[in-house]
Amino acid sequence: MTLRIPKAELPTEMSENMIKQLGAVPEPVEAVWHSPKVATSNLEFSAKLSEWDAADASLKSFAHMAVAAQVGCGWCLDVGYFQAQNQNLDLTKASQVPRWRESDVFAPLERDVLEYAEAMTNTPPTVTDELYAGLLDRLGPAAMVELTAYIAFVNMATRNNNANGVTSQGYSDACEIPLAKRPEKSGAASTA
């Protein structure tokens, strides 16, 4: 897949800062910059997500990658794994998120978070009262609200990138452990 919209030219200072931080200008920003208000709002809200601290960072990272794998956003999966490395999260686990159902590296809480992320991503959503209650009991209200809002934002971002034709930029190539491929049949409900 290639970008379905031409890359917009970003302000020079912004491009230079992103290159310093990430080594390249993220293609989602270049795609959305045709509407600077939309791009700026997205960047600002995304930055605020990193300030949230009620839910464990690794749980949110795994949820992000689970949504990206399910929606088929190669860019989000790629950058999510790269960010997991930069946050010193467990790369063995992060690398297995695309095949979490077949992997034996995840604890029960992590598995439930991955299931919850997929259930929120399904169309229509398939979140059950039991799954929600189990997570709420273990995480507490503040972390549950945060995790839910985080997954909802990731759904918006992954679907936006996917629709715009944004693909992987190779960020995860810097990671020591290769990212696992999503199995053909995941056991998850359809997202179509």
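Predicted model: local features only at pLDDT ≥ 70, side-chain atom pairs only at ≥ 80, totals over all residues.
Leaving aside its neighbours within four places in sequence, which residues is His-64 in contact with?

View 1. Beyond its neighbours within four places in sequence, His-64 is in contact with Cys-76, Gly-80, Gln-83, Tyr-150 and Val-154.

**View 2. The packing of helix H4 against helix H5.** The axes of H4 and H5 come within 8 Å and cross at roughly 160°, which makes H4 roughly antiparallel to H5, since angles over 145 degrees are counted in that way. H4 passes H5 in a left-handed crossing.

**View 3. Helix H5 and the helices around its buried residues.** Helix H5 covers residues 74-86, and its 13 residues reach 18 Å from the first C-alpha to the last, close to the 18 Å expected at 1.5 Å a residue. Buried in H5 are Trp-75, Cys-76, Leu-77, Asp-78, Val-79, Gly-80, Tyr-81, Phe-82 and Ala-84. The buried residues of H5 pack against several helices, namely H1 (12-22), H2 (27-32), H4, H6 (91-96) and H9 (141-164).

View 4. Asn-88 has its place in the loop between H5 and H6, where it takes a positive phi of about 55° although it is not a glycine. At 69% relative accessibility, Asn-88 counts as exposed, whereas Asp-78, within H5, is buried.

**View 5. The packing of helix H4 against helix H7.** Helix H4, residues 57-71, and helix H7, residues 108-121, pack at an angle of about 40°, with their axes 9 Å apart, and H4 and H7 are therefore oblique to each other. The crossing of H4 and H7 is right-handed. H4 brings Leu-59, Phe-62, Ala-63, Ala-66, Val-67, Gln-70 and Val-71 to the contact, while H7 brings Leu-109, Glu-110, Val-113, Leu-114, Ala-117, Glu-118 and Thr-121. By class, the contact of H4 with H7 has 10 nonpolar residues, together with two polar and two charged ones.

**View 6. The packing of helix H7 against helix H8.** H7 packs with helix H8, residues 129-139, at an angle of about 135°, and the axes of H7 and H8 are 10 Å apart, which makes H7 oblique to H8. The crossing of H7 and H8 is left-handed, whereas the crossing of H4 and H7 is right-handed. In H7 the residues that take part are Pro-108, Leu-109, Asp-112, Val-113, Glu-115, Tyr-116 and Ala-119, and they meet Leu-131, Tyr-132, Leu-135, Arg-138 and Leu-139 in H8. By class, the contact of H7 with H8 has nine nonpolar and three charged residues, and no polar residues. Leu-109 and Val-113 of H7 are listed in this contact with H8 and are also among the residues of H7 that contact H4.

View 7. Asp-56 has its place in the loop between helix H3 (36-49) and H4, and with a relative accessible area of 42% it is partly exposed. Although Asp-56 and Leu-147 are 91 residues apart in sequence, they are 8.9 Å apart in space, C-alpha to C-alpha.

**View 8. Helix H9 and the residue that follows.** H9 has 24 residues and reaches 35 Å from its first C-alpha to its last, close to the 34 Å expected at 1.5 Å a residue. Just after H9, Gly-165 takes a positive phi of about 80°. H9 is also one of the helices against which the buried residues of H5 pack.

Note on methods
Residues numbered from 1 in each chain as written. Heavy atoms only, no water. Axes fitted to C-alpha atoms, helices over the stretch in contact; angles between N-to-C directions. Helix = DSSP H or I, 4+ residues; strand = E, 2+ residues; numbered from the N terminus. Parallel < 35°, antiparallel > 145°, perpendicular 65-115°, else oblique. Left-handed = near helix turned anticlockwise from the far one by under 90°. Contact = heavy atoms within 4.5 Å. Nonpolar A, V, L, I, M, F, W, Y, C, P; charged D, E, K, R; others polar. Expected span 1.5 Å × (residues − 1). Buried < 20%, exposed > 50% of the residue type's maximum accessible area, 1.4 Å probe, protein only.
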